[in-house]
Amino acid sequence: MVLMESDSELEHGDEAPDFELPGADGETYSLDSFADSDALLVVFTCNHCPYAKAKFDELNYLADAYDDLAVVGINPNDDEDYPDDSFERMQELVADGTIDYTAYLRDESQDVARAYGAVCTPDPFLFENTGDAFELVFHSRIDDAMSPDDEVTDYEMRDAVEAVLAGDDIPVEEYPSQGCSIKWTEN
C-alpha cells in the first residue's frame, strides 16, 4: 500500500468527462443517467483499500440523505493483482448493502480514472448540474479523518453538497484526499 494524495488536473468549472460503464447492479451508466440530479459526486474508490472502506458508510449516508445528489463510486483498480477489487466482489458488496451508492461502476480499462486525473482511493469530485453539463465545483476529501482509524470531526463533503444544492458558495476549504494509490494495469 502506498499512501497517495489526489492532485487532478481538472479545475473548477471543467465539465465532467463522460463515461459509459457497467454498474454492479447490472445496468450501464453514463453522465446522462444522472441528468435529473442537481449535483453529482464521483468517487474513485475500490473494495479493498482501508482508506476507501473507511468511507463506505459516509458515502452511503450522502447517497441516502440528499435526494438531489447522485453518488457514483467508480472502481478502476487492476483486479488481476488485486482480486478483491473484482466486479464480482463489487456486486457482492452492493447485494449485501455494504455499498449503497446511487451507482457503483467498474472502470476496467482505467480510461475514466485517467480522464478525471484520479490517483488514489478514495478520490472524490463534486459536480454541479448546470443544465448543460456537470461542472466541477469541489475536489476535496470526504471528511477530516485522514487515516482509516481516525474519528471524524468535520463532515466537509456534506457541507459542500448542502451548499451546492442550496445554490450557495461552498464554505469549505479544499484539501487533497488521501488513500491507496490506484492499482494501474501494466500498459
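**Burial and packing in a predicted model**

Me: Is cysteine 180 buried or exposed?
Reply: The model is a predicted one. Cysteine 180 has a relative accessibility of 1%. Buried means under 20%, so cysteine 180 counts as buried.

Me: How many disulfides does the count come to?
Reply: A disulfide needs a pair of cysteine sulfur atoms within 2.5 Å. By this rule the count comes to zero.

Me: Which cysteine has the sulfur nearest to that of cysteine 120, which is in no disulfide?
Reply: Cysteine 120 counts as buried, at 0% relative accessibility. The nearest cysteine sulfur is 8.3 Å away, whereas the cut-off for a disulfide is 2.5 Å. That sulfur belongs to cysteine 49.

Me: Where does serine 37 lie, and is serine 37 buried or exposed?
Reply: Serine 37 sits in the loop that runs between β3 (28-30) and β4 (39-44). Its relative accessibility is 12%. With the cut-off for buried at under 20%, serine 37 counts as buried.

Me: Which residues is serine 37 in contact with, leaving aside neighbours within four places in sequence?
Reply: Contact here means heavy atoms within 4.5 Å. Once the neighbours within four places are set aside, the contacts of serine 37 are Asp68, Leu69, Ala70, Asn129 and Phe134.

Me: Which elements do the buried residues of α5 pack against?
Reply: Helix α5 covers residues 156-166, and its buried residues are Glu156, Met157, Arg158, Ala160, Val161, Ala163 and Val164. They pack against β4, α2 (56-65), β5 (69-75), β8 (123-129) and β9 (134-138).

Methods
Residues numbered from 1 in each chain as written. Predicted model: local features only at pLDDT ≥ 70, side-chain atom pairs only at ≥ 80, totals over all residues. Heavy atoms only, no water. Helix = DSSP H or I, 4+ residues; strand = E, 2+ residues; numbered from the N terminus. Buried < 20%, exposed > 50% of the residue type's maximum accessible area, 1.4 Å probe, protein only.
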